[in-house]
Amino acid sequence: MTSCGPENVDYANKVVGNYDVKITPNLNLKFAGTAMPSISSTEINTTGTIIKDNEDGDVTIKINGINGYISDIEMKAFCSGLGMNIDESSYDGILHDNEYGMIKCDFNLTNPTTTISNAKIFNWNSTISGQCDVNYIGLDMKCDATGSFNFYLSPTTAK
């Protein structure tokens with residue numbers, strides 16, 4: 001008897017490229033156990049790349065920061081027939097919000113597996129936990145933060 005299997009598909013090659021990136025934060029802040037105004041309306045538009053690390057399906061997702069709005073974000077992932085499994089990562093950088101201005105963030109991101117499609121469009125929510133430093137009504141505060149970052153990547157369009 002012989003068995004037939006699917007072709008050995010290089011899933012990493014299906015995700016490699018340059019992308020337009022939209023990041024939508026949805027953060028809940030608490031200071032000394034008291035809820036603060038949330039961050040949920042600021043959409044950040046930037047660019048990024050997905051780079052193949054090796055022949056085993058490992059890739060690096062690099063999202064470019066925007067001076068004064070968000071710092072660079074880098075995530076490692078593994079591509080297979082099940083999708084692009086994004087490793088847990090961290091974000092130690094800034095985030096700009098209309099309510100708070102400049103926020104210093106120290107977050108852990110729990111990332112999901114996202115579907116790999118021929119359209120090269122990726123959309124996922126990374127769960128956030130950690131702390132951030134904010135200035136609210138003239139007071140500097142270290143807040144606990146929970147919530148998510150929604151990432152939407154689409155192939156870069158020629159301009």
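## A tour of salt bridges and cysteines

Begin by selecting Asp53 and Lys76, whose side chains form a salt bridge with an N to O distance of 3.5 Å; a salt bridge here is a side-chain nitrogen of Lys or Arg within 4 Å of a carboxyl oxygen of Asp or Glu. Asp53 sits in the loop between S3 and strand S4 (58-63), and Lys76 belongs to strand S5 (residues 73-80), so the pair ties together parts that are 23 residues apart in sequence. Strands (E, at least two residues) are DSSP runs, numbered from the N terminus. Both partners may be coloured by accessibility: Asp53 is partly exposed at 38% relative accessibility, and Lys76 is partly exposed with a relative accessible area of 39%. On this scale, buried means under 20% relative accessible area, exposed over 50%, and partly exposed in between (1.4 Å probe, protein chains only).

The model on display is predicted: local features need pLDDT of at least 70, side-chain atom pairs count only at pLDDT 80 or more, and totals for chains, interfaces and linings use all residues. Residues are numbered from 1 along each chain as its sequence is written, and side-chain values use heavy atoms, with hydrogens and water left out.

Next, select Asp10 and Lys52. Their side chains meet in a salt bridge, 2.5 Å from N to O. This pair links distant parts of the chain, 42 residues apart: Asp10 is in the segment before strand S1 (17-31), while Lys52 is in strand S3 (residues 44-52). Asp10 is partly exposed, at 25% relative accessible area, and Lys52 is partly exposed as well, at 23%.

Move on to Lys142 and Asp133, whose side chains form a salt bridge with an N to O distance of 3.0 Å. Asp133 is partly exposed, with 31% relative accessibility. How many salt bridges does the count come to? The count is five. In general, side chains of opposite charge can pair when their charged atoms come close.

Finally, turn to the cysteines. How many disulfides does a search of the whole structure find? The search finds zero, a disulfide being a pair of cysteine sulfur atoms within 2.5 Å. Select Cys105 together with Cys132: Cys105 is in no disulfide, and the nearest cysteine sulfur, that of Cys132, is 5.6 Å away. Cys105 is buried, at 1% relative accessibility. The last stop is Cys79, which is also buried, with a relative accessible area of 5%.

Key
Helix = DSSP H or I, 4+ residues; strand = E, 2+ residues; numbered from the N terminus.
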